[in-house]
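Subject: Structure handover

Hi,

Here is the structure I promised to pass on. Please open it first, then read my notes below.

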Amino acid sequence: MNDNHTIDEETALLAPAKKLHKPTPLPKVQIGIVLLLQLCGPITSQSIYPYINQLISELDITGGDERKVGYYAGLIQSLFFLTEAIMVIQWSRLSDHIGRKPVLLTGLVGTSASILLFGLSRTFWTLVISRCLCGLLNGNIGVMKSLMGELTNPSNRAEGFSLMPVVWAVGATLGPLVGGTFARPHERFPRVFGGQFWRDYPYFLPCLVTSSFVCVSFVITLLFLKEALFTGIGGVASVDGSPVRSRNKPLPLRDLLVRPVIISTSNYMALAFLDIMLNALLPLFFAMPIHIGGLGFKPSTIGYIMGSYGAGVGIFQALFFARTIRRFGERRIFLWSIMVFMPMFLLFPIMSFIARRHGVNLAVRLIIVVLVSLMISMDMAYGLLLHFHVHHGFVPNKHSLGATNGLSQMCVSFARALGPALATSLFSLSVERIILGGYAVYVFLFCISCLVIFLAVLLPEKVWRRTMTMTSNLAISALGVNYG
């Protein structure tokens with residue numbers, strides 16, 4: 001690269017490819033630790049979904065009115081994302097200065113402590129404190145993506161990042177299974193957990209299991225993770241092998257806002273907003289009694305259904321994602337993934353209508369299968385955002401990688417903070433006041449899904465900067481994947 005070449009905020013970190021090089025082998029141990037950290041997120045966050053609504057009912061927060069459970073369930077879920085949104089960019093920027101490892105270790109401690117506190121909660125306010133503590137202390141989502149970018153280089157970056165959605169799907173499978181299986185162990189396993197403690201704290205065991213996993217991950221990270229920020233394990237270089245010069249200090253946040261970043265982040269936020277509302281509504285709908293618009297499932301059943309969704313995502317992504325993209329193209333599949341939110345939200349009132357008249361019969365079960373299948377196909381949208389950026393994205397400054405990740409995650413966290421409280425509160429409001437027969441929430445979410453399509457069409461037919469190589473920069477870690 002010419003020494004006189006000017007580097008500005010929109011200059012790609014890598015020059016256009018002159019020739020292809022053999023991919024560098026991934027640092028397996030270090031990548032494995034990052035994936036282990038990735039696994040901690042969905043296992044802990046997803047494990048509470050099967051029993052959160054029943055927990056709120058049993059704490060008597062609602063005064064015995066189960067129609068109000070949605071208000072409090074959504075609030076508890078939203079508080080985590082709200083506090084995360086406030087702090088995630090600060091943790092990410094801090095990691096640009098002190099390194100990734102100290103921030104990751106702090107996040108693991110916060111996650112482990114908060115989930116234990118959640119399991120020991122006997123009041124609504126201790127639930128609130130535990131979720132806020134988890135959000136405030138956990139900046140790992142953005143930092144992990146930065147670390148993955150630094151552990152890889154242009155020749156193997158796509159291979160490294162392709163592992164993250166599969167690992168997330170594994171966690172999203174195990175989390176609900178742990179929550180549903182080990183909730184209320186004094187009823188399910190009375191010979192082992194028949195003591196008074198387990199009766200007083202019936203949801204502590206799934207929290208203990210997930211916290212133990214996080215503690216093991218902490219020890220492994222402490223002992224074996226190498227700091228990549230200062231050592232440059234992956235390295236940032238042009239495809240022809242010449243070093244890339246860039247500013248040696250992180251950029252101001254305003255300099256990170258360039259057009260592809262804005263468009264992709266906007267779609268990222270919209271996708272996360274719809275997705276989190278769906279995922280907050282689903283366990284609430286499954287848990288509520290049939291007469292108020294739900295299906296009346298037990299936590300174990302909810303755990304198995306949501307676990308099957310996570311497993312389906314992992315299998316589909318691993319076996320069919322790449323060939324589907326090659327067959328139909330990135331933009332077309334992304335639009336499909338966004339459009340399936342409309343029929344998914346319409347399936348809820350159909351199931352409720354049938355269940356109220358005939359109970360949870362074969363037709364309802366088949367609709368659940370269809371719903372889970374649509375959710376699995378919808379999940380391609382996250383990988384598609386990754387695919388767009390693998391081709392064309394750019395990070396303005398390699399020293400701002402953490403800040404870029406943090407900015408993206410902050411925006412998404414705000415969307416996720418609003419989503420659960422909005423969706424579950426609308427559910428409770430609809431059934432409490434019988435608005436549109438109790439189905440007003442689904443009409444609202446259907447309309448929102450329609451509006452998001454107009455944002456999705458802003459993505460280009462052809463990827464930006466075709467002259468750049470497929471694995472051209474580190475921005476894929478900031479904007480492409482939101483498995484977390």
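Arg131 lies over the face of Phe118, 5.9 Å from the ring centre. A charge counts as over a ring if NZ of Lys or CZ of Arg is within 6 Å of the ring centre and within 35 degrees of the ring normal. Arg327 does this too: its charged end sits over the ring of Phe328, 4.9 Å from the centre.

A word on the source. This is a predicted model, where local features need pLDDT of at least 70 and side-chain atom pairs count only at pLDDT 80 or more, while totals for chains, interfaces and linings use all residues. Residues are numbered from 1 along each chain as its sequence is written, and side-chain values use heavy atoms, with hydrogens and water left out.

Now the confidence. pLDDT is the predictor's confidence in each residue, from 0 to 100. The protein chain averages 79, and 79% of its residues score at least 70. Residues 1-20 fall below 50. Residues 390-394 stay under 50 as well. Where pLDDT is low, the predicted coordinates should not be read in detail.

The protein chain has 20 helices and zero strands. These are DSSP runs, numbered from the N terminus: helices are H or I with at least four residues, strands are E with at least two. Of the 484 residues, 60% count as buried. Buried means under 20% relative accessible area, exposed means over 50%, and partly exposed is in between (1.4 Å probe, protein chains only).

Next, the rings. The whole structure holds 18 aromatic pairs. Rings of Phe, Tyr and Trp (its six-membered ring) pair if their centres lie within 6.5 Å; planes under 30 degrees apart are stacked, over 60 edge-to-face, the rest tilted. Tyr51 and Tyr203 are stacked, 5.0 Å centre to centre with 15° between the planes. They sit 152 residues apart, each in a loop between helices. Both Tyr51 and Tyr203 are buried.

Phe348 and Tyr442 also stack, at 5.5 Å and 15°. Phe348 is in helix 15 and Tyr442 in helix 19, so the pair ties together parts 94 residues apart in sequence. Phe348 is buried at 0% relative accessibility, and Tyr442 at 2%. Ring pairs also link a cluster that includes Phe182, Trp198 and Tyr201.

Last, which helix holds Asn53? Asn53 is in helix 2, residues 52-58. Asn53 is buried, with a relative accessible area of 2%. Beyond four places in sequence, its contacts (heavy atoms within 4.5 Å) include Val69, Pro283 and Met288.

Best wishes
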